[in-house]
Protein chains: 2
Amino acid sequence: VLPTEPTRRDLGRPNDLEAPVNSDPDHQEDLARIFGDRAINDENTLRTHSRDQVGDERYYASPATVVYPETTGEIVELMRWANLTGTPVTPRGAGSGLAGAAIPVPGGVVCNMSRMNRILDVDTDNLMVVVEPGVVTRTLDTVLEPHGLFFAGYPMSEEICSIGGNVAENAGGGRAVKYGVTADYVRGADVVTATGDVLHLGGKLLKNVAGYNLLQLMIGSEGTLGIFTQLTIQVIPRPRERGVLFASFVSAHAAAQAVSALKRRLSNPPSSLEYIDGPTARDTNEALPGSKRLVIPDAAAFLLVEIDSNGDRDLEADLNEAGLIIAAEGGVSLSRGVSSDEVERAWRLRKQVPWWVKQHAGPQQAAEDIVVPPASVPQLVELAEDLRSRFGVRIPLYGHAGDGNLHLRPMKPDSMDLVEWSDLVPRILTSLYQGIAKMGGTISGEHGIGRKRVKYLAAFLDPVELRILRSLKETMDPNGILNPGVVLD
Amino acid sequence: VLPTEPTRRDLGRPNDLEAPVNSDPDHQEDLARIFGDRAINDENTLRTHSRDQVGDERYYASPATVVYPETTGEIVELMRWANLTGTPVTPRGAGSGLAGAAIPVPGGVVCNMSRMNRILDVDTDNLMVVVEPGVVTRTLDTVLEPHGLFFAGYPMSEEICSIGGNVAENAGGGRAVKYGVTADYVRGADVVTATGDVLHLGGKLLKNVAGYNLLQLMIGSEGTLGIFTQLTIQVIPRPRERGVLFASFVSAHAAAQAVSALKRRLSNPPSSLEYIDGPTARDTNEALPGSKRLVIPDAAAFLLVEIDSNGDRDLEADLNEAGLIIAAEGGVSLSRGVSSDEVERAWRLRKQVPWWVKQHAGPQQAAEDIVVPPASVPQLVELAEDLRSRFGVRIPLYGHAGDGNLHLRPMKPDSMDLVEWSDLVPRILTSLYQGIAKMGGTISGEHGIGRKRVKYLAAFLDPVELRILRSLKETMDPNGILNPGVVLD
């Protein structure tokens, strides 16, 4: 059963930037003893750490202190101290999350992992890397490139996000349709538990059934069960060539159906299969600087198909095959090519979409992260159309159609006042969630539950599962110290 | 720290087939009320269910009753009854496990899943199947073949093992080097918990981060955290062609190094990369009926390389490429081809190896399931050679070299008496485990901990992890009803 529509009051909470609940001056001293001048509580730092990329400031909350550990030992000391004093601790990667998992409880401590950013081992024999969690995903990619290797589980925000955050959220991304998600590549981890113990899980092993899969329980637990301090990640040979095809469809339904056809019939399976609704693609394209803009028509939807190869395939032929499938499904290929210029141009548009939406969606944004069975993408496209007409608002729809994972983002009409909007959004979400529940879908494919979706989780997990998740949390964090209010309330 | 060498007394236990500890006649009546004539306690049934494929009868123990559920509801009733009466329940798939996970505690109840064997849904749009756990893996494959689909996570024992057992053990197999293991394909499950609740986890979804990954915690938990009653499994397009290359090496070390070279340099990544030591391959080959026997020389080691394709590659060229790499590494291609006859002949030998060993290894067998970082396979081969000369016994070594997962099986010399042998085996294992611990390896890649490796698990997991695993088990099975003595003691 979906919860009744939440009101503005129970969804939001006061913006408490000015008045942290817990600002015990002893705490600042204690933390300075552990972290020295890396325990910071100036106004600017607290403000930065009161938010992530959630586009709804009602979720923001200021910590009392931000600490920047450089060693596992410091995090152990932090967690022991936090249990003694009852202070909540929220781990934070790059703060690029979209569900509020890195937002602290008011007056808590944020544990910023950005200084633990060493790449400890690039093991080209085992095809594994060992990294600290603060490594920026793109940085790892740059280090791997000369070895002809890559980390396949990268998310779309690779330029800013950190590996630790990717793992904590089990991030997906633009190539998951071929390569899977972050969790598929994590083979080992050092973790500081909520009670301040250190766990060494897994190793440079491709198979491992020695004991329950605690590693996979930790991955995607959004900083609520432990803090990663080291990660062993499998890397794979880097595709040597990439080709893209960008296509338009006069019918959104036809575009959605072409997704299935491409997945089933391409002899070289697509490495990306992305959907953008027509108006969003056009407006984003318009907003890009001109010289590299795509020329795109007035269509209902667009698909970006990427195909890659390790150098032994005729990618042009593969793209032609994709073009024929698209034509048979009613689409028109607008651009197609294997040059880095063509690849970059298509991805530049795709990657700009969330930023364009964020800039134009107004306050109190809902950035949804729906996932449905892959064959239900046409129904999800219809549901979005339904919601647009029923509620009279613009709702961009875009994302990883090949995985059944699409982002859906209602935009506040300029004419609507904020009170009306904050009542309308939960009604849109409830309709959306009711619709996807019927399809066998769920509320997050890659962004996580964070703080935003806690109240909806109960509607999508059965009560037994929810009870077990709570008991696992209590078992591993008996004092409720680690990132309380995230995933579970 | 590895445990001191266990003595025969603490490793073994009395063969209690004749005297189940718990044979309360009321229990038989209770179970008959739930299961009717599917609650069985005749001598033959109890004997069959007192063992699995563990080659050491000291682990065997007789249940008091075997039940054959046909519905989830019956399993719910069973578990509630078991908690009330304090009766241990051991779920059992096909009994093809190699670590004793399906062996009951004396006088417990075995829950035989073989009657829940319906294929409920072959969803060719979503590329998912929904099955009951008792479906035999090969049966599913036969059903998928006409759709051009396959379940990639199949184990070597596909002809006999069941899907539920595959999932409970997170089975690997001969194609994991390309396609991964069972866990990589399980997208949803219905599970009866130890306390008799029903959990619905996941669905036909390719991405899902809604809550902690309870599904992956259940997978590989060897029937100690829940009983699967329904499984949603992703299937993938079936490779249309397969080719094999069977090669000999005068040096085992060279064969092991060729594994890395093949993984790194083949443009079409191998779908299987299997190792067999020379004497074992020759003796197994000798024991096969003649007409389809391979002609193999007196070599130190053999590799079986399989390459597959969805029909758009020149497999002969791919095999030539593999042949050149093997030649450069000092190997000689003995047979190479894409005909079903050639493929079958090579696999027939490989699949017969464990059966040949089982037949000739004598009583009290140790079938080891070592996994090391993939680049450490040459060291593992050396370690096996070391153990052979140090302990003066024959030790077949074979398996999934591409994954770093090799089976190592000491054989009792005919001249050695059983008392001496039962003292020697734990000493061999301790040396083996000390060696692989130094390589960063662990004690099971695909067979599981079961009953056989419980005492060694503590040496390979850190104490914090072990404590957490125990607390997870206690949280989910407070009365210790579900498969006690398996994974954890």
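Six salt bridges cross the interface of chain A and chain B, counting a side-chain nitrogen of Lys or Arg within 4 Å of a carboxyl oxygen of Asp or Glu. One pairs A:Lys207 with B:Asp403, at 3.7 Å, N to O.

A caveat: this is a predicted model, where local features need pLDDT of at least 70, side-chain atom pairs count only at pLDDT 80 or more, and totals for chains, interfaces and linings use all residues. Residues are numbered from 1 along each chain as its sequence is written, chains are lettered from A and ligands numbered from 1 in the order written, and side-chain values use heavy atoms, with hydrogens and water left out.

Now the buried area, meaning the accessible area (1.4 Å probe) that two parts lose on being put together, summed over both. Chains A and B bury about 5700 Å² between them, 61% of it on carbon and sulfur atoms. In chain A, the residues losing the most area to chain B are A:Lys207, A:Val209 and A:Tyr212, together 18% of what that side buries.

Contact here means heavy atoms within 4.5 Å. Each chain gives residues: 76 from chain A and 76 from chain B.

Next, the sheet in chain B. Helices (H or I, at least four residues) and strands (E, at least two) are DSSP runs, numbered from the N terminus. Two strands pair if DSSP finds at least two bridges between them. The sheet is open, with four strands in the order E1-E2-E4-E3 and mixed pairing. Its edge strands are E1 (39-40) and E3 (89-92) of chain B. Strands E2 and E4 of chain B run parallel, joined by three bridges. B:Val66 has B:Val110 as its bridge partner in E4(B).
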